[in-house]
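Subject: Structure handover and findings

Dear colleague,

I am passing a structure on to you, with the sequence and coordinates placed just below. Please have a look at it before reading on.

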Amino acid sequence: MKLRRWDATPRLVQRVGALGAAAALAVVGTVSTAGAATPGPGPARVLGKTELTFYPSTHGKATASSRVIHCEMVFVGANHGAPHHSGHVPGTVNVRVRVTCTKPVRMIRAKIGLFSNHGSKIKAYGSVGRAAAKGNAALVCRTGYYQGESAAQITAPPGYTPHTANMAAKTSKVHLTRC
């Protein structure tokens with residue numbers, strides 16, 4: 001049996017394609033990350049939440065803080081959104097993510113991936129002209145390790161800097177049994 005590498009971010013970015021190679025490695029704009037790691041194989045650093053900020057193009061004028069757009073990517077659910085047994089489809093493992101902004105943006109284009117030592121699933125999600133987008137990915141449950149990852153490209157409305165920014169986050173690695 002072939003085992004998959006746990007650091008699947010390069011694979012996800014490669015499959016995202018339109019987001020560019022820097023989607024999971026660097027984010028343009030102001031970024032902060034937070035999250036908690038659960039014990040398991042691999043690095044303990046987990047990016048369970050990522051935020052970025054778009055600023056109005058001022059051309060020498062003072063920036064009104066009410067016009068700033070803050071966006072965040074958060075994995076949804078218990079344990080910082082870690083992969084879990086699905087409550088809707090018996091026999092599957094699920095991971096969910098939500099991207100929200102404080103004001104509508106031109107476009108949110110993203111992918112979410114669920115990776116395990118038994119396979120992977122990557123799905124696209126997004127929105128146009130809205131302030132939020134959500135996605136999910138699921139695999140048939142088999143005892144093993146699971147991790148979710150997401151990468152998104154957000155295009156700001158006209159008059160904001162940066163014009164486009166990338167963000168990425170991943171869940172902790174979890175070991176699931178009782179499939």
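Predicted model: local features only at pLDDT ≥ 70, side-chain atom pairs only at ≥ 80, totals over all residues.

Of its 179 residues, 43% count as buried. Among the contacts in the chain with a separation of 6 or more, 66% are accounted for by residues 24 or more positions apart.

The largest nonpolar core has 32 residues, and those that touch the most other members are Phe54, Cys71, Met73, Val99, Tyr125 and Ile154. At least two residues of this core are supplied by each of β2 (49-56), β3, β5, β6 (107-116), β8, β9, β11 (164-170) and β12, while β5 gives the most, with five residues. As background, nonpolar side chains tend to be buried together in soluble globular proteins.

Two disulfides are present in the structure. In one of them, cysteine 71 is joined to cysteine 101, with the sulfur atoms 2.1 Å apart; this pair links distant parts of the chain, since cysteine 71 sits in strand β3 (residues 69-76) and cysteine 101 in strand β5, 30 residues apart. The link between cysteine 71 and cysteine 101 is right-handed, with 110° about the S-S bond, and both of these cysteines are buried. Once neighbours within four places in sequence are set aside, the contacts of cysteine 71 are Thr50, Glu51, Leu52, Phe54, Thr100, Cys101, Val105, Ile154 and Met167.

In the other disulfide, cysteine 141 is joined to cysteine 179, with the sulfur atoms 2.0 Å apart. Cysteine 141 lies in the loop between β8 and β9 (144-155) and cysteine 179 in the segment after β12 (174-176), so this pair ties together parts that are 38 residues apart in sequence. The link between cysteine 141 and cysteine 179 is left-handed, with -50° about the S-S bond. If the bonded cysteines of the chain are numbered in sequence order, the pairing reads 1-2, 3-4.

Turning to the loop residue, glycine 77 is found between β3 and α2 (78-81), and it counts as partly exposed because its relative accessibility is 41%. The C-alpha atom of glycine 77 is separated by 8.4 Å from that of valine 95, which is 18 residues apart from it along the chain.

Finally, the second largest pocket holds about 160 Å³ of space. Its lining is made up of His84, Ser86, Gly87, His88, Val89, Thr92, Asn94, Arg96, Asn136 and Ala138. By class, the lining residues of this pocket divide into two nonpolar, seven polar and one charged. Strands β5 (92-101) and β8 (132-140) each supply at least two residues of the lining, and the largest share, three residues, comes from β5.

With best regards

Terms used
Residues numbered from 1 in each chain as written. Heavy atoms only, no water. 1 Å grid on protein atoms, 1.4 Å probe; cavity = no way out; pocket = protein on both sides within 12 Å on 5 of 7 lines; lining within 4 Å. Points joined across faces, edges and corners; volume = space filled by probe spheres on them. Helix = DSSP H or I, 4+ residues; strand = E, 2+ residues; numbered from the N terminus. Nonpolar A, V, L, I, M, F, W, Y, C, P; charged D, E, K, R; others polar. Disulfide = S-S within 2.5 Å. Buried < 20%, exposed > 50% of the residue type's maximum accessible area, 1.4 Å probe, protein only. Core = buried A, V, L, I, M, F, W, Y, C linked by side-chain atoms within 4.5 Å. Contact = heavy atoms within 4.5 Å.
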